[in-house]
Amino acid sequence: MTTVEATRQKPGFHVPRRFVPVIATAVLLVVMYVIGISQYQAFSDPQVLLNIFIDRGFVLVVAVGMTFVLLTGGIDLSVGSVVAMTAMVSAWLLESGSVPAGVVLVIALAIGPTLGFLMGCIIHYFEIQPFIVTLAGMFFARGMCTFISDEAIPIKNEFWVKAAQSRIRFGDNFISPSVIVVFVVVLIGAAVLAYTRFGRNVYAIGGDQQSAMLMGLPVGRTKIAVYTISGFCSAIGGILLSFYTLSGDSLIAIGMELDVIAAVVIGGTLLTGGSGYVFGTVLGVLVLGVIQTLITFDGTLNSWWTRIVIGGLLFAFILLQRLTGATPRARSAGG
Amino acid sequence: NNSDTGGDSGSAADEKITLGFSQVGAESGWRTANTTSIKDSAAKAGIDLKFDDAQGKQENQITAIRNFIQQKVDVIAFSPKVETGFETVLKEAKDAGIPVILTDRAVDTPDKTLYKTFLGSDFVKEGKASGDWLVNEMKGATADVNIVELQGTTGSAPANDRKKGFADAIAANPKLKIIASQTGNFERAGGKAVMEQFLKANPKIDVLFAHNDDMGLGALEAITAAGKVPGKDIKIITIDAVKDGMQALADGKFNFIAECSPLLGPQLMELVKKVKKGESVPARIETQETTFTQEQAKAALPTRQY
Amino acid sequence: MSARWKVLSAHHLFWPVVVLVGLIVANVIYRPSFVSIEMRDGHLYGSLIDIVRLSAPLILVGLGMTMVIATGGIDLSVGSVVAISGAIACLYISKQPDQNAVGGVLIAVVLGLLVATVLGIWNGVLVAGIGIQPIIATLILMVAGRGLAQLITKGQIITINSSPYKLIGAGYVLAVPFAILIAAAVTALTWALTRRSALGMLIESVGGNAEASRLAGIRSRRFMLFVYAFSAFCAGIAGFMVTSNVSSADGNNAGLWIELDAILAVVIGGTSLAGGRFSISGTVLGALLIQTLTTTVYAMNISPQTSLLFKALVVIAVCLIQAPKFRAALGRRRRRPPTAAPTTDLTKVGVNA
Amino acid sequence: MADTTLADTMPADTMPIVSMTGIDKTFPGVTALTGVDFRLLPGEVHALMGENGAGKSTLIKVLTGVYEADAGSIVLAGEPVRFTGPLRAQAAGISTVYQEVNLCPNLSVAENIYLGRQPRSLGRIRWGTLRRKARELLGRLELDLDVNRRLDTYSLAVQQMVAIARAIDLDPKVLILDEPTSSLDAGEVAQLFRVMRSLKDAGIAILFVTHFLDQVYEVSDRITVLRNGRLVGEYATADLPQLALVERMIGKELEVLDRIEEADKRPPAALERDEVVAQADGLGRKGAVAPFNLTIHKGQVVGLAGLLGSGRTELARLFFGADKADTGHLRIDGKQVALRTPVAAIRRDVAYCSENRAAEGLVAELTVRENIILALQAARGWARPVPRRRQDELVDKYIKALSIRPANPDLPVRNLSGGNQQKVVLARWLITEPRLLILDEPTRGIDIGAKAEIQKLVVELSDGGMAVLFISAELEEVLRLSHKVVVMRDRAAVGELTNDDTLDADRVMEVIASGAQP
Ligand SMILES: Nc1ncnc2c1ncn2[C@@H]1O[C@H](COP(=O)(O)OP(=O)(O)OP(=O)(O)O)[C@@H](O)[C@H]1O
Ligand SMILES: Nc1ncnc2c1ncn2[C@@H]1O[C@H](COP(=O)(O)OP(=O)(O)OP(=O)(O)O)[C@@H](O)[C@H]1O
Ligand SMILES: [Mg+2]
Ligand SMILES: [Mg+2]
């Protein structure tokens, strides 16, 4: 099968096959956006798109981390809980008032990567499946949230409030400072994957871990690093979420891991690892954001129809992507 | 079709009011009744309702509110998932000149100008009403009264507040003791499974306090299966007063229910109209709710809507 | 260490059993009556019975999940299917003039199973027919399915009062909870279906190497279609149990997060998420372990605030001691002197014994 | 016990760069190595020989830290070492091409070569330089590849060359090549040997594993022989005649060579009049094979000869329905069939033994038994399991017939050595008793004894009336076995030669080179 594929490519100009998924997602996104504009006047305001970045920025940051993990063929289910725990810890430390904001920031940002590092170590050294280890991590982080406080804690710290409420304006439109952070994370993530040895090792491990090991690549270090990175991205996401909601709440971001995984996969990353781009992930998050926005703009769906429609749009999207040949046929076997 | 929600902001007073409503989700029958009430009343009051279901996610609620602002609706109302975290977007609404009404839960902010009014029940009060009834019921108790508690979803506001209200009330009588307290996630299945173990671990249970009817109904089955008589051997207090709960109360299986009414719709639509006209409204409006004993339940049951 | 111990502890179910027993012992220490089983009103009554009964839905869902995972897939939609099948059955029964009529209940059950199986086939078509990654393919139904369940119940809890239906999840036959009997029967059936025929091996082959299986003439897609349908079918039965247990269908909460527990059970039972070899007994044990954990939280009155932490710790502990690498590391630390000299003899004895 | 003649084989003044002593390695249930000593000198090509499962690959993996030895010591350049992984070994100057091609299929050719060593400036990978260097390096090996293309779009043989390129470019002190030539054609082997000699002249020590005796004598200086995980001896190549080498590898007397002789006698080629089993009429697939005609008769062995990448595998796959043909027809037993899936082909008693056993042959998780009965079981359907007794019969028979070792049918097949795995795949198809058997490189990576065994088997099968389509990189083998040779070049069948007494390797080469039938 493999030998045949190459021969399908015709000579002359063609888009490299590996970019097809991302391009397909982009095209579909544009189509959806145009549909939105044609249906709802207010949709055409560029602010609608900016709002997706403002509202889903933290999801995007977490998704960048998840992209690393999925590229190695792993999975990280703990992200939602780590996001919540980071926000919770920040709120809790700030509430006590005795810890300066800078220190809180550092502590809160350290939790995610630490947990990620530990999970990575367990996954690598003891060869336990990532799904299980990160599921335990998810329980743990969520448990820590309620353990810290089972009530939501508001944040009144000046720095946080400023980060939450200041707006960077250009013309009629604006973004929040968080969006800048999001863009920085996205750019760094993309650059690391494309232009560093570490980034390429991530792809190599996703392609064939055994081979990567035999080629003398630092498999263990890389695997531990991706979970640490994912933890770090979740921590940043948690901080952004705490900017966004100005509070810590033990029940927030439940089920977020599935949204994030869905976004990354819609963006063309294969769950089996080895193939995908951060830019695709950005598009994936935008797709989910546009779906959500369309539904809100419509404003006539009741609760269950909302879910059914989200599921339906997800299906339409994945189906189109699959049928346009953007994503290769899923390998049924994991290895 | 929705071109009317677009650009022209110079809406005259007699034009149809557009209300953007962000619901938390549809996690329980109570919530669904709440949604239905709001939709029906909006239709009846001739208000154009933009309804959004946040799927239980606060971030979705904020997004929805932002989109309502984008669409320039006349009034925004929402049931905050938690008290915290809405200040920023409320400021944006205020800047855009769109009045906001809170339903069901308040928002924790020092700046009370961010919303016009808060319409909803008081969970602490519900817990307290339950506790007060028990204190009164157990006035003459000579021995310790063993209470088990079925909590709502850990960390959720109703669970926290009802627990607190109840604990405060029963502090009045040191004989009233909570010997076990566990979450049943507001579900019947959870209530049943937890109660089964309560019954096995504690030979003497006198009272069950469940944070909602559903858990109470689940526990009911466990109690019956253990060979005890609910309502007699073990007194049962719950909150909500949904139809099934009221039935159990009328049948003598429950002993007391503190109502938590989801039927905010009519009151909300009144407020929307007032707010739109610029009339002043009180900052806090409590939903009309009551408590039920077994006799009251029998009387009220035939007219129960949900 | 004796040779017999060696053989025993090398069995893939050894450690899960040890942890299960450990949990039960801990419970007994906390409350001695935990293991006592008595007859009450002609029923078996006791915490252990509760555990087995409550784990029945999880066992069922786990069995289906085991098959799916063996093909290298995953099924996130089982929770939604649980809710849908339960909702359909309860809705149908609630519409009957006589809810206690056995015929009506049977029709309700058949209806529920039919819809569940159709949903499973849908998943199977997405995965095997269209080639969508299983996790995403089933995520679609996970999201939309909850909506469907709510659509069926109109977002309300449908309460029914049907003693034949109640039998499924809360009734007793010959003093034993019927749910346990159903779970046992389905387990035996699954075992027979996969291990007495070649089905199990062919599924394992597909999961182990799909391309090699194709070239060996195995119709992989049919098997994939089958496992998703089977998974949904099992979830359908679980849906009856869950709803029957409390005589009501709750479209929102029935089967919520059961997919995670089921996957956990499968993995604890020694089936790899990468596909290939699967173990039915392992899954059953995994489900029992998870339910024991939950019941322990209730029975020991562990505060809701810490119960998730407790669960996290136990899960990681179970997986760690099960991991050969971890045991090897432990063994090395225990046996080897700090100056890491060649460990020839000891290790060799270990392997040969 | 080993008749080690170290003193004679080793120049007195050289110190071994690698010296392994008393290496033991056991896997659960299998003892792979017992007390093996091994010495590798700088500037030599050292052949490691032994039958399938003798422990060659295991010894290499112990050396490079993939496995941890249970006992024994390793000294590298005078320093005792114990590598915890290939990364460390690589850093210490040992560069290895393992038996199974070990590259990342999802990355480009260029990237595979430089993975972990990409040229950088300021930490940023310089892709342009990387591609240029890759092109240069492959150019030195006379490989003309699009370095930007994904590796998995190339055939196994090309992948093998890429792996070798990578290993060479690591600038090693020690280069280990575990069966590098098993999928290469003659030209490429020659090219590889040129490179090996120049590396040797540069003082690099090369450890080389192969089952081709000719290659051993062509390129190696010294030989170490393993048998059943034990050291048999260490010899200077010049002092060890071929027969003696085979004797030491196999441990039996010259029996095996008789068998090879026997296989060499092929039956007269007068089968063209016999019943037609399969007939391709303008069968082809765009981009894979140009339309071709080919008739295979009952009891006939048709050999496919051609250079690497000439499309032999693709042609074979069309006969099996592994890929769908888009032009022409295929007739089997006179009936026109459209093979859309392998299932259809298997139903018509066609069997295909893929060249890529890891990806397309074995199910690593399953046991030897299960792998062997897999195709038979698939054909019977899931509901009719092969009865246990019949399984035992069949499996035992073929474990014996193909001397699969260890002879334990319940071992996971992944624990078998490369050659033994190959035999398992072969056994799988033999028990289905096909009418047309397609063998794509069936003898790759198989030791000399087993190779003779398989060749004999092919002759026997064809005598028994089975039609065989036989692909091998070894022209000799093709010529020895087939009644008819189809020559392929540039994805097209360019000639069909009846294998009578006049046909020899030179003639075939001529056709391959000229691209036309003489
Ligand atoms: N990972 C493993 N687990 C268990 N047994 C193994 C493993 N790897 C190798 N073996 C066993 O060790 C023995 C030596 O295998 P090895 O791969 O070293 O043979 P080899 O000499 O390279 O043979 P070949 O020429 O077929 O490649 C075999 O019996 C094999 O079955
Ligand atoms: N020297 C080369 N340069 C570029 N591409 C090559 C070269 N050699 C082979 N290929 C590629 O390898 C593939 C052909 O593999 P195929 O399996 O058909 O060959 P084959 O004749 O079966 O050879 P073998 O079985 O010896 O690998 C094609 O994709 C072809 O483009
Ligand atoms: Mg080998
Ligand atoms: Mg080939």
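Which residue forms a salt bridge with Lys325(C), and how far apart are the closest N and O atoms?

Modeller: The partner is Glu127(A), and the closest N and O atoms of this salt bridge are 3.3 Å apart. Please bear in mind that the model under discussion is a predicted one. The pair crosses between chains: Lys325(C) belongs to helix α15 of chain C, whereas Glu127(A) sits in the loop between α5 (101-125) and α6 (130-148) of chain A. The two partners may also be described by their accessibility. Lys325(C) has a relative accessibility of 39% and therefore counts as partly exposed. Glu127(A), at 53%, counts as exposed, because the exposed class begins over 50%.

This pair belongs to the interface of chain C and chain A, where the rule finds one salt bridge. Between these chains there are also four residue pairs in polar contact, with both residues at pLDDT 80 or more. Several helices of chain C each supply at least two residues to the side that touches chain A, among them α5 (102-130), α6 (134-153), α14 (304-322) and α15 (324-335). Of the elements of chain C, α6(C) gives the most to this side, with twelve residues. Sorted by class, the side of chain C that touches chain A has 37 nonpolar, 16 polar and six charged residues.

The extent of this interface can be stated in two ways. In terms of contact, 59 residues come from chain C and 50 residues from chain A. In terms of area, chain C and chain A bury about 4400 Å² between them, and 77% of it is on carbon and sulfur atoms. Within chain C, the residues that lose the most area to chain A are Gln133(C), Gln305(C) and Leu309(C), which together account for 13% of what that side buries.

Tyr244(A), Leu251(A) and Thr296(A) supply 15% of the area that chain A buries against chain B, more than any other three residues.

The count of salt bridges between chain A and chain B is three. One such salt bridge joins Lys57(B) to Asp259(A), with the closest N and O atoms 2.8 Å apart. Polar contacts, again with both residues at pLDDT 80 or more, link 14 residue pairs between chain A and chain B.

Over all chains, the count comes to 57 salt bridges. Two further examples lie within single chains. In chain C, Arg40(C) forms a salt bridge with Glu38(C), the closest N and O atoms being 3.8 Å apart. Arg40(C) is partly exposed, with a relative accessible area of 28%, and Glu38(C) is likewise classed as partly exposed, at 37%.

In chain D, the side chains of Glu365(D) and Arg414(D) meet in a salt bridge of 3.7 Å, N to O. Glu365(D) lies in the loop between α13 (357-361) and α14 (368-380), and Arg414(D) in the loop between α15 (388-401) and α16 (418-430), so this pair ties together parts that are 49 residues apart in sequence. Both residues are partly exposed: Glu365(D) has a relative accessible area of 26%, and Arg414(D) one of 46%. Elsewhere, salt bridges that share partners join Glu211(C), Arg214(C), Arg317(D), Asp323(D) and Glu360(D) into one network.

Covalent links between cysteines remain to be considered. The count of disulfides over all chains is zero. Cys121(A), for example, is in no disulfide, since the nearest cysteine sulfur, that of Cys319(C), is 17 Å away, while a disulfide requires sulfur atoms within 2.5 Å. Cys121(A) is buried, with a relative accessible area of 15%, and Cys353(D) is also buried, at 0%.

Technical notes:
Residues numbered from 1 in each chain as written. Chains lettered and ligands numbered in written order. Predicted model: local features only at pLDDT ≥ 70, side-chain atom pairs only at ≥ 80, totals over all residues. Heavy atoms only, no water. Buried < 20%, exposed > 50% of the residue type's maximum accessible area, 1.4 Å probe, protein only. Buried area = accessible area lost by both parts, 1.4 Å probe. Salt bridge = Lys/Arg side-chain N within 4 Å of Asp/Glu carboxyl O. Polar contact = N/O pair within 3.5 Å; in protein donor to acceptor, adjacent residues only side chain to side chain. Contact = heavy atoms within 4.5 Å. Helix = DSSP H or I, 4+ residues; strand = E, 2+ residues; numbered from the N terminus. Nonpolar A, V, L, I, M, F, W, Y, C, P; charged D, E, K, R; others polar.
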